[in-house]
Amino acid sequence: MLKLLTVAIVAFSVTIVNIYSLSVTNINGGTIRFNKFKNKKILVVNTATGNTQANQQFTELQQLYQQHKSNLVIIAFPSNSFGNEPGTNNQIKTIMHGTYGITFPIAAKSWITGDSANILYKWFANKLQNDVMDAKTVKDFQKFLIDKSGNIIGRFDSSVSPLSSIIINAIQQN
């Protein structure tokens, strides 16, 4: 007896998503709309106030922002994905503003890994959406640099200082 097999082919496509179509909640409950940052480079950093690198990273991020804010925005993404950010949004905001003097935008605390990751970190992790890389975040203070056209142009490990020549050169290049 001949068995008939039916093969279903499911065609799907994932459309490249422009970062300027994305938005996230900020630490005050408002909205950070990425289209507001067209024609600026964007440095996205997942942060954790309880991480042993926090003092150096926050200090250097703020210095970098002060030096380049005419053509750069830094956005902090507090997360407990690696167990170093147990605080609430209010506690995080108090530490980041009060202790470190942070003046750049801060997103609301969110997951940056796995199925519960926020929309931006899902975008980083999906080459079919960002058209550059499948970038999984594995540590606090990893950095992504987006160019003025909304494309990922750099991914930097947490060991790379925000004031390193590699990051500064990438910011200064057109």
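In the predicted model, Leu64 is in contact with Leu43, Leu72, Ile74, Pro162, Leu163, Ile167, Ile168 and Ile171, when residues up to four places away in sequence are not counted. Leu64 belongs to the largest nonpolar core, which comprises 24 residues. Within this core, the residues touching the most other members are Leu43, Leu64 and Ile74. Two or more residues are contributed by each of the strands β3 (41-47) and β4 (72-78) and the helices α1 (54-68), α2 (89-99) and α5 (165-172). The greatest contribution is that of α1, which supplies five residues. Apart from this core lies another, made up of 23 residues and including Ile19, Ile32, Trp123 and Ile152. In soluble globular proteins, nonpolar side chains tend to be buried together.

Nine aromatic pairs were found in a search of the whole structure. One of these pairs is formed by Phe77 and Tyr121, whose ring centres lie 5.5 Å apart; because their planes meet at 70°, the arrangement is edge-to-face. Phe77 is part of strand β4, whereas Tyr121 is part of helix α3 (residues 119-124), and the pair therefore ties together parts separated by 44 residues in sequence. Phe77, with a relative accessibility of 1%, counts as buried. Tyr121 is likewise buried, its relative accessible area being 2%.

Tyr121 also pairs with Phe124 in an edge-to-face geometry, with a centre-to-centre distance of 5.2 Å and an angle of 80° between the planes. These two residues are three positions apart in helix α3, so about one helical turn separates them. Phe124, like Tyr121, is buried. Ring pairs link Phe77, Tyr121 and Phe124, together with Trp123 and Phe144, into a cluster. Trp123 is also among the residues of the 23-residue core.

Strand β5 (residues 143-146) and strand β6 (residues 152-156) run antiparallel and are joined by four bridges. In one of the pairings, Lys143 has Phe156 of β6 as its bridge partner. The two strands form a hairpin in which five residues lie between β5 and β6. Within the turn, Gly150 adopts a positive phi of about 95°. Ile152, which is among the members of the 23-residue core, falls within the residue range of strand β6.

Methods:
Residues are numbered from 1 along each chain as its sequence is written. Side-chain values use heavy atoms; hydrogens and water are left out. A nonpolar core is a set of buried Ala, Val, Leu, Ile, Met, Phe, Trp, Tyr and Cys residues joined through side-chain atoms within 4.5 Å. Buried means under 20% relative accessible area, exposed over 50%, partly exposed in between (1.4 Å probe, protein chains only). Contact means heavy atoms within 4.5 Å. Rings of Phe, Tyr and Trp (its six-membered ring) pair if their centres lie within 6.5 Å; planes under 30 degrees apart count as stacked, over 60 as edge-to-face and the rest as tilted. Two strands pair if DSSP finds at least two bridges between them.
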